[in-house]
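Grab a pencil and work through these exercises with the structure open beside you. Try each task yourself before you read its solution.

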Amino acid sequence: MENKHNELLGYLVYDAQRSISRSLEVTLKPYDITPGQWNLINQLDRTGGLSQKELAQITKKEQATITRYLDTLERKDLVVRTRHKTDRRSHVVQGPRAY
């Protein structure tokens, strides 16, 4: 019996997604940025600044993952975290254009 799973729509969508992801990884490699990090920078560029919680919600990532991404991006001087003006427990994250 012939295996036709690679002709199913779900497989084709999965295969296309893998190709796009790989292409993005290759494109970002010279900049030493991962697709996840790029996603945060992109969101910050579009919005001007967000809390870490808002970034987690928008990107559908765990807050711990967002914190790791931001730690790395902050070391590379690509983002800045500052205390929220009214909520001392929160930080506002801004991308490179904002500062």
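**Exercise 1. How are tyrosine 11 and tyrosine 14 placed along helix H1?**

Step 1. Tyrosine 11 and tyrosine 14 are three residues apart in helix H1, so about one helical turn separates them. Helices here are DSSP runs of H or I with at least four residues, strands are E runs of at least two, and both are numbered from the N terminus.

Step 2. A quick word on the ground rules: this is a predicted model, where local features need pLDDT of at least 70, side-chain atom pairs count only at pLDDT 80 or more, and totals for chains, interfaces and linings use all residues. Residues are numbered from 1 along each chain as its sequence is written, and side-chain values use heavy atoms, with hydrogens and water left out.

Step 3. Now look for aromatic pairs: searching the whole structure turns up one. The ring centres of tyrosine 11 and tyrosine 14 are 6.4 Å apart and their planes sit at 50 degrees, so this pair is tilted. (Rings of Phe, Tyr and Trp, the last by its six-membered ring, pair if their centres lie within 6.5 Å; planes under 30 degrees apart are stacked, over 60 edge-to-face, and the rest tilted.)

Step 4. Check the cover. Tyrosine 11 has 29% relative accessibility and counts as partly exposed, and tyrosine 14, at 45%, is partly exposed too. (Buried is under 20% relative accessible area, exposed is over 50%, and partly exposed is in between, with a 1.4 Å probe and protein chains only.)

**Exercise 2. Which residues make the nonpolar surface patch of about 310 Å²?**

Step 1. The patch is built from Leu9, Leu12 and Val13. (Patch residues have over 30% relative accessible area and no salt bridge; like charges are joined within 9 Å, and nonpolar side chains, meaning Val, Leu, Ile, Met, Phe, Trp and Tyr, within 5 Å. Areas come from the Shrake-Rupley method with a 1.4 Å probe, and for residues only the protein chains shown count as cover.)

Step 2. Zoom in on one of them: valine 13 sits in helix H1, which covers residues 9–28. Its relative accessible area is 51%, so valine 13 is exposed.

**Exercise 3. Find the salt-bridge partners of arginine 81, then look at the pair of aspartate 32 and lysine 76.**

Step 1. Start with the count: there are five salt bridges. (The rule asks for a side-chain nitrogen of Lys or Arg within 4 Å of a carboxyl oxygen of Asp or Glu.)

Step 2. Arginine 81 bridges to aspartate 71, with the closest N and O atoms 2.5 Å apart. That pair links distant parts of the chain, as arginine 81 is in strand E2 and aspartate 71 in helix H4, ten residues apart.

Step 3. Glutamate 74 also meets arginine 81 in a salt bridge, at 2.9 Å from N to O.

Step 4. Buried or exposed? Arginine 81 is buried at 18%, while aspartate 71 is partly exposed at 31% and glutamate 74 is partly exposed at 28%.

Step 5. Next, aspartate 32 and lysine 76 form a salt bridge of 3.3 Å, N to O. Aspartate 32 is in the loop between H1 and helix H2 (35–47), and lysine 76 is in the loop between helix H4 (63–75) and strand E2 (80–83), so the bridge ties together parts 44 residues apart in sequence. Aspartate 32 is exposed at 53%, and lysine 76 is partly exposed at 29%.

**Exercise 4. What is the strand order of the open sheet?**

Step 1. The three strands run in the order E1-E3-E2, with antiparallel pairing. (Strands pair if DSSP finds at least two bridges between them.)

Step 2. E1 (50–51) and E2 are the edge strands, each pairing on one side only.

Step 3. Count bridges: four join E2 to E3, residues 91–94, and two join E1 to E3.
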